[in-house]
Amino acid sequence: MELKQAIIERRSVKNYDYEMYIDEEKVLSLVELAAYAPNHGMREPWRLVYISKKQIPDFAEQVAESAFPNDKEKQDKYINKVTKVGGMFVILSKRDPRQKEYLEDQMAIGAFVQNLMLLVHAEGMGSCWKTPEFIFKPSFRSIVDAHADEEVNGFLYITEPDPNVKLMKRKNQSILTRW
Ligand SMILES: Cc1cc2nc3c(=O)[nH]c(=O)nc-3n(C[C@H](O)[C@H](O)[C@H](O)COP(=O)(O)O)c2cc1C
């Protein structure tokens, strides 16, 4: 697939209204390719935890309890939604105590995840980066075994492609000026 085409056509897939199945081995094989993303000092600040389709119901139940304690309705809604997804990664990154290195590492995560999303797209699958509020909760961090020196940068849902996904037009105001 041509690069320009992949950049334009990759879209966040947000509708999971049918059972989604993906080629998990294929998806996992893309992770090392994504790691060709630039990262300063070659610190490779990323770590991914993969939750397979089979594991999602159990994982979702634990997450729902942590995210929405005492709210059965929200728990069920969450479980119902995520169990449709084909598989998911939890994205973790190094939490460097130094300001400059922290910034560099967080930016490298963006490059890494974009690489992964483009690769997933080029293989005919869909994805969506998700950053729900509950990723900061200590109880959630403990479910995904986030280390004390790691940030949780959200989830990457892997899905089937959605032929009806809309291109979110960019406003591109003030994107470029000449000095
Ligand atoms: C860091 C990051 C966090 C995101 N978090 C969410 C999220 O929590 N929920 C969601 O529906 N989409 C999330 N998205 C997806 C964006 O909303 C999406 O990229 C935007 O709607 C543009 O759509 P496109 O990717 O199809 O161009 C996130 C994207 C990024 C880059």
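Which residues surround the ligand? The views below answer this for a predicted model, in which local features need pLDDT of at least 70, side-chain atom pairs count only at pLDDT 80 or more, and totals for chains, interfaces and linings use all residues. Residues are numbered from 1 along each chain as its sequence is written, and side-chain values use heavy atoms, with hydrogens and water left out.

**View 1. Residues around the ligand.** Arg10, Arg11, Ser12, Lys14, Cys128, Trp129, Lys130, Thr131, Met168 and Arg170 surround the ligand; a residue is near a molecule if one of its heavy atoms lies within 4 Å of it. This shell holds five charged, three nonpolar and two polar residues. Here Ala, Val, Leu, Ile, Met, Phe, Trp, Tyr, Cys and Pro count as nonpolar, Asp, Glu, Lys and Arg as charged, and the others, Gly among them, as polar.

View 2. A polar contact is a pair of N or O atoms within 3.5 Å. The side chain of lysine 14 has an N or O atom 3.0 Å from a nitrogen atom of the ligand. In the side chain of lysine 130, an N or O atom is 3.0 Å from an oxygen atom of the ligand. Arginine 170 places a polar side-chain atom 3.0 Å from a ligand oxygen atom.

**View 3. The largest pocket.** A pocket is an open set of points on a 1 Å grid over the protein atoms alone, where a 1.4 Å probe fits, with protein on both sides within 12 Å along at least five of seven lines; lining residues have an atom within 4 Å of a point. Of its 14 lining residues, Phe68, Lys77, Tyr78, Lys81 and Val82 lie nearest the centre. The lining comprises seven nonpolar, six charged and one polar residue.

**View 4. The second largest pocket.** The ligand sits in this pocket, meaning that more than half of its atoms lie within 2 Å of the pocket's grid points. The second largest pocket holds about 270 Å³ of space. Its lining has 13 residues, and Ser12, Lys14, Val165, Lys166 and Met168 are the closest to its centre.

How values were computed: Polar contact = N/O pair within 3.5 Å; in protein donor to acceptor, adjacent residues only side chain to side chain. Points joined across faces, edges and corners; volume = space filled by probe spheres on them.
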